[in-house]
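Try each task before reading its solution.

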Amino acid sequence: MKGMLLMLLGLVLAMPALADTIPPTRVVKVNERIHALLGPMELPSRKNQGYMVNSTLILGDKGAILVDTGFTDEIGAHLARVVAGITDKPVTTLINTHHHGDHSFGNAAFPGALVISSEMCRKLLLEGEADWLAIIEGAVGRKFPNTRAVPASQVYPGNSRTEITLDGVRMVFWVPEAAHTLGDMMIWLPDDQVLLAGDILVNGITPNFRDAKVKVWIDTLAQVQQLPAKTIIPGHGPLMSKADAAGMHDRMAKLYQGIEAGYRDGLTDSEIRQRLDLSEWQPLHHFNEQMGGNINRAYLEVEADNF
Ligand SMILES: [Zn+2]
């Protein structure tokens with residue numbers, strides 16, 4: 001009897017751990033060598049174990065290239081298992097679209113892989129390691145002793161576009177002056193007509209302005225329209241078309257213009273928020289959590305530009 005009770009107790013104690021596993025990845029085959037590995041769209045929590053990001057698998061001649069690696073070493077290992085289900089090729093190269101932990105901390109799960117990013121991403125990843133670790137450990141509610149910043153050893157400077165052939169795959173590393181962060185890098189695959197946008201493009205969620213230069217971001221989104229992209233893999237959310245990307249550009253440009261107009265009329269950021277038409281933004285994920293901060297961030301940028 002006592003043994004039975006202990007066993008039941010053991011089961012009950014084991015249940016939360018069983019419930020809190022990394023949610024499955026939705027794999028979308030874009031073409032023979034590109035797979036989008038789409039993660040959940042919710043903010044990091046105990047329930048999703050911090051898994052909230054899109055990654056991309058590119059099959060090279062000899063190895064696999066993984067773009068964005070998740071928030072923890074555990075998510076990196078999860079992505080490694082997903083990759084192993086698609087190809088026998090080992091992951092030889094990692095590319096980070098920016099320094100935010102949800103895109104870069106999983107690098108720790110791929111020892112020995114070549115890591116590529118923008119120069120500024122490398123710097124910000126090292127500087128922000130403790131802050132981003134605190135964010136994910138706070139959100140999931142436990143420590144991740146094996147998660148750490150593994151910065152790039154091959155980097156590209158700000159405001160550059162560099163074409164290379166990596167393991168047989170032609171790619172252009174496009175580092176805008178700034179956008180979602182000061183160190184974003186998009187990857188344009190000209191032979192596939194696929195753009196890996198990082199968080200410069202997100203689909204169905206509110207973009208995060210926290211570390212952004214919003215005006216330059218909007219300019220960058222206008223430049224995206226010049227690419228003959230058939231498929232865009234955003235940092236979060238389902239695959240996008242160029243028309244979807246134009247929609248995000250227009251929404252952000254309208255918001256910025258509204259904030260500029262409010263500033264010129266002498267309004268505070270909370271007064272501006274009252275006046276803005278946010279109906280296009282309201283259906284997006286994380287609207288309530290992020291929109292106030294976004295308006296404040298854009299307002300401060302307008303103020304600095306007019307000083
Ligand atoms: Zn992100």
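The exercises below go from the sheet to one helix. This is a predicted model, where local features need pLDDT of at least 70, side-chain atom pairs count only at pLDDT 80 or more, and totals for chains, interfaces and linings use all residues. Residues are numbered from 1 along each chain as its sequence is written.

**Exercise 1.** Work out the strand order of the open sheet, and find which strands stand at its edges.

*Solution.* Start with the elements: strands (E, at least two residues) and helices (H or I, at least four) are DSSP runs numbered from the N terminus. Two strands pair if DSSP finds at least two bridges between them. The 7 strands then follow the order β1-β2-β3-β4-β5-β6-β7, with mixed pairing. β1 (26-31) and β7 (154-156) each have a single partner strand, so one side of each lacks a neighbour in the sheet.

**Exercise 2.** Describe how β3 and β4 pair.

*Solution.* β3 (residues 55-59) and β4 (residues 64-67) are antiparallel, over 4 bridges. Within this pair, Leu57 stands opposite Leu66 of β4.

**Exercise 3.** Check the span of α4 against its residue count, then locate its kink.

*Solution.* The expected span is 1.5 Å times one less than the number of residues. α4 has a kink of about 60°, centred on Gly128. Just after α4, Gly141 takes a positive phi of about 85°.

Technical notes:
The bend at a residue is the angle between axes fitted to the seven residues ending there and the seven starting there.
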